[in-house]
Amino acid sequence: GNHTLLTEFVLSGLSSHPELQHLLFFTFCLVYTMTVIGNLLICMVTVHPTLYTSMYFFLRVLSFLDVSTASTVVPKMLVSFLTEDRSISYMGCVTQLYCVIFLGATEWYLLAAMAYDRYVAICNPLRYTVIMNARVCLSLVLLSCCSGNVVSVVQTAWVFTLPFCGHRKINHFFCDIPPLMLLSCTDTSLYEKQIITATVLVIFTPFCLILVSYACIISSILKISSAESRHKAFSTCSSHLIVVTLHCASGTLTYLPNSSNSQDTKKVLALIYTIIIPMLNPLIYSLRNKEVREVL
């Protein structure tokens with residue numbers, strides 16, 4: 001019955017060494033600033049009339065999700081570096097976990113929609129504007145959000161039905177499923193199975209759809225006679241593939257329950273998909289995209 005009296009958790013953070021706290025604060029403050037500025041620039045640039053296509057609409061939504069993901073995790077972490085107050089309320093932990101899962105799952109489904117968009121643009125260029133009209137694009141985004149919300153509600157509800165007994169220290173820098181499960185004093189094998197199911201639905205299913213899309217895309221690109229056109233098509237798709245690969249590697253290694261990675265390793269992996277990737281996305285999509293650079 002101890003879990004019914006639990007009102008807050010304590011986050012261990014990235015490091016317990018006092019001499020590193022200020023260095024970590026300035027480092028992640030800089031990273032967060034770059035993330036916000038970079039993604040807001042992408043949001044502003046992609047509303048330009050010359051970039052008013054479905055690809056840039058999806059990119060704008062992706063930038064919004066990246067800023068939201070970083071904002072869910074980083075501010076609390078920055079405060080803990082300066083004040084050493086690493087406590088987080090029970091409801092604060094519930095909210096943070098819900099937001100991280102919702103934003104992460106929505107982004108995966110959005111990446112699959114972006115791969116389909118590239119498939120249509122390259123394999124059916126003459127019908128591109130007809131197939132990927134504004135209604136279809138908005139529907140894909142709403143479907144991604146609804147799917148992410150369902151996954152997040154179910155995962156968050158399941159985790160917080162676990163009885164948390166004993167200590168309340170979460171060995172992480174934000175509330176996440178694996179470290180929360182370690183606080184439970186009951187058998188979590190059933191929960192581990194449902195996490196595997198969720199990982200398949202959220203990561204592997206969109207990843208397989210993305211692979212199928214790019215198999216068709218590569219097949220079509222190889223048939224293009226112009227070397228310049230082939231290079232442009234590969235350049236456009238490679239940016240998306242870089243982001244997908246980073247997401248897949250870090251997310252899979254973090255959430256597979258039987259992974260041999262230590263908790264410290266999982267912290268580093270979590271840094272990649274919650275902080276590093278949101279910072280890199282504007283660089284990947286803008287520096288590798290001539291149209292975005294010109295408008296910027």
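Analyst: A disulfide is taken here as a pair of cysteine sulfur atoms within 2.5 Å. By this rule the count in this predicted model comes to 1 disulfide. The bond joins Cys93 to Cys175, with a distance of 2.0 Å from S to S, and the angle of -125 degrees about the S-S bond makes this link left-handed. Cys93 belongs to helix α3, which covers residues 90-123, while Cys175 sits in the loop between β3 (169-170) and α6 (177-181), so the pair ties together parts that are 82 residues apart in sequence. Both Cys93 and Cys175 are buried, that is, under 20% relative accessible area.

Two further cysteines show how the cut-off works in the other direction. For Cys146, the closest cysteine sulfur is that of Cys145, and because the two sulfurs are 6.9 Å apart, they are too far from each other for a bond; Cys146 counts as partly exposed, with a relative accessibility of 49%. For Cys216, the closest cysteine sulfur belongs to Cys123, and the separation of 6.0 Å is again too far for a bond; at 34% relative accessibility, Cys216 is likewise counted as partly exposed.

As to the setting of these residues, an unreviewed UniProt entry lists several spans under "transmembrane region", among them 136-160 and 195-222. The span 195-222 is 96% helix and 0% strand in the model, and its end C-alpha atoms lie 39 Å apart.

Note on methods: Residues are numbered from 1 along each chain as its sequence is written. This is a predicted model: local features need pLDDT of at least 70, side-chain atom pairs count only at pLDDT 80 or more; totals for chains, interfaces and linings use all residues. Side-chain values use heavy atoms; hydrogens and water are left out. UniProt positions are given in the numbering used here, feature names are shortened, and annotations may be inferred rather than shown by experiment. Helices (H or I, at least four residues) and strands (E, at least two) are DSSP runs, numbered from the N terminus. Buried means under 20% relative accessible area, exposed over 50%, partly exposed in between (1.4 Å probe, protein chains only).
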